[in-house]
Amino acid sequence: MKQKTKSKTTMDKAPVKKARNRWKSMLWSFVFIVMSATILPTASYLFSADDAYAQVNNDNNQRANFWRAVREGKPGYSSVSGPEAGVFINNGGQNWRQLRNGVIANYGGWAIVLGLGAIVLFFLLRGRIKVEEESSGLTVPRWKTWERVMHWYTAILFVLLTISGLSLLFGRAVLIPLLGAKGFGMWANLSITVHNYVGPFFALGVFAMLLVWVKNNIPNGTDMKWFAKGGGLIGNAHPSAGKLNGGEKLWYWIVIFVGLIAVCGSGLVLIGWAAQYGVVDGGRATMQFAHQIHAIAAIIWIVGFFGHAYIGTLGTEGALEGMTSGRVSAEWAKQHHDLWYEEVKDQAGRQETEISGATATST
Amino acid sequence: MARMKFLCDAERCIECNGCVTACKNEHEVPWGVNRRRVITLGDGEAGEKSISVACMHCTDAPCSAVCPVDCFYTTDDGVVLHDKDLCIGCGYCFYACPFGAPQYPQEEAFGVRGKMDKCTFCAGGPADDNSAAEKEKYGRNRMAEGKLPLCAEMCSTKALIAGDGDMVADIYRERILKRGGRPQTWGWETAYSS
């Protein structure tokens, strides 16, 4: 019995081995074929090294060389002075046109519409997130006066720039049918003036935010857990958070990278300041690139802003007060920023008492 | 209907800048604005060649496509003109133009450029033909007087030809047949092929 099984296994092993060998040789020949097919054709490079093609570019064929250089956009001499006056053909223009009128205007428009739609949908499904505990009237200080001034200064300029910027990108399609060519011409003139003059002052505000709030926005483990629990937006969980939760920190870094670096940086290129100080060359290629970055990043920023504005006002009860009066209710703080509330709860008080206290110390 | 085109014969252009001067004088364009310019490649070397470049009045004009206020229009003669009352000086037409035609009278802080100015094919603008307002904003309207662009009229070697595209092409074809060589209708593929 025992022997029988053994002989059976040896009998089975032979065809298995044969099949394995067949597979092995098949794989190796496959590898060999692929290697040969890729390496052998490159052998032609051995011959290209000895100037086989150099003869085409001879100096005698001046006319052909001239037209080739013209097509390539090689600049020549022009006694007329002006930006890139020596360039025959601006080859990048059509690409820029296709990207601006096609990709940016279409997907950008959809991004804004869908972003707003998502917020409306979220509001309909989730409703306003209320403060759960009964109000005790106690408040804790959240944002200092100058922090609030910085926030609203930047916010107001942001809204101005958003309206004027979107008018310049979508106005031709959306506003000309409404206002007419003359009416929109005046509006667009106002828009570009506001946009160009306000932009640099806005960039200063965002830069101030970078300096002032960076210490509050260093990501930590609490934020990871906050995100893992859906940040309290999904479901009714109230994940722990410090003064700023993961979502607020994410928004801060979007403002810094997408906003300050991409939008404000490219904006300074577009109004010619970067070229004036020699940071970039200010040529058409630079401007086209800066414009694309500016438009794409600005739309991302605007969609993010919709979310920020919704959560800060309609979406969360008691959140707006932090940025208007500077104080939030103790219950709101406990619910949304429990770790931070532990730090500041000894400062809790009624606003009236604090004001009278302040007058008492000043007199 | 005529379809107006420019053609510059690089085998004839001698870089005299007569076209540039004629244009500046005829339209009294301000300092820094040059509706036409001559570019020379390999200047001072044997075989140098020059081309006179201005707005080519493209069929599918990129300037018009990217203008945020839609201030460009094409006349029945195929001339691309723009309305300075609508122009906001954003510079987009300059980014898009293959020929570097759009010009701006100012360059100030905060990106202020002023109203764009470019070659009108001596056809003025949307204001009334040969009115004072048209002259001030867009220059002379020679087309309304039945005349062709002055740059080409004054070209000493007749390198620069302006007029109906078919007639321009006929003149150029005749030249090529007589002198040999390949035709180089510079800019035509970019401007008129679409």
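## Helix packing in chain A

Helix 4 (residues 93-126) of chain A packs against helix 10 (residues 284-315) of chain A at an angle of about 5°, and their axes are 10 Å apart. Angles under 35 degrees count as roughly parallel, and helix 4 of chain A and helix 10 of chain A are therefore roughly parallel to each other. The model is predicted.

Helix 4 of chain A contributes residues including Trp96(A), Leu99(A), Ile104(A), Gly108(A), Ile119(A) and Phe123(A) to this contact. The contact between the two helices holds 16 nonpolar and six polar residues, with no charged residues.

## Contact between the chains

Between the chains, 44 residues of chain A are in contact with 35 residues of chain B. On chain B, at least two residues each of the side touching chain A come from strand 2 (36-41), strand 3 (49-54), helix 2 (62-66) and helix 3 (92-96). Strand 2 of chain B gives the most to that side, with five residues.

By class, the side of chain B that touches chain A has 21 nonpolar, nine polar and five charged residues.

## Strand pairing across the chains

Strand 2 of chain B is also joined to strand 1 (residues 77-78) of chain A by two bridges, and these strands run antiparallel. Tyr77(A) has Thr40(B), in strand 2 of chain B, as its bridge partner.

Methods
Residues numbered from 1 in each chain as written. Chains lettered and ligands numbered in written order. Predicted model: local features only at pLDDT ≥ 70, side-chain atom pairs only at ≥ 80, totals over all residues. Contact = placed C-beta atoms within 7 Å. Helix = DSSP H or I, 4+ residues; strand = E, 2+ residues; numbered from the N terminus. Nonpolar A, V, L, I, M, F, W, Y, C, P; charged D, E, K, R; others polar. Pairing = 2+ DSSP bridges. Axes fitted to C-alpha atoms, helices over the stretch in contact; angles between N-to-C directions. Parallel < 35°, antiparallel > 145°, perpendicular 65-115°, else oblique.
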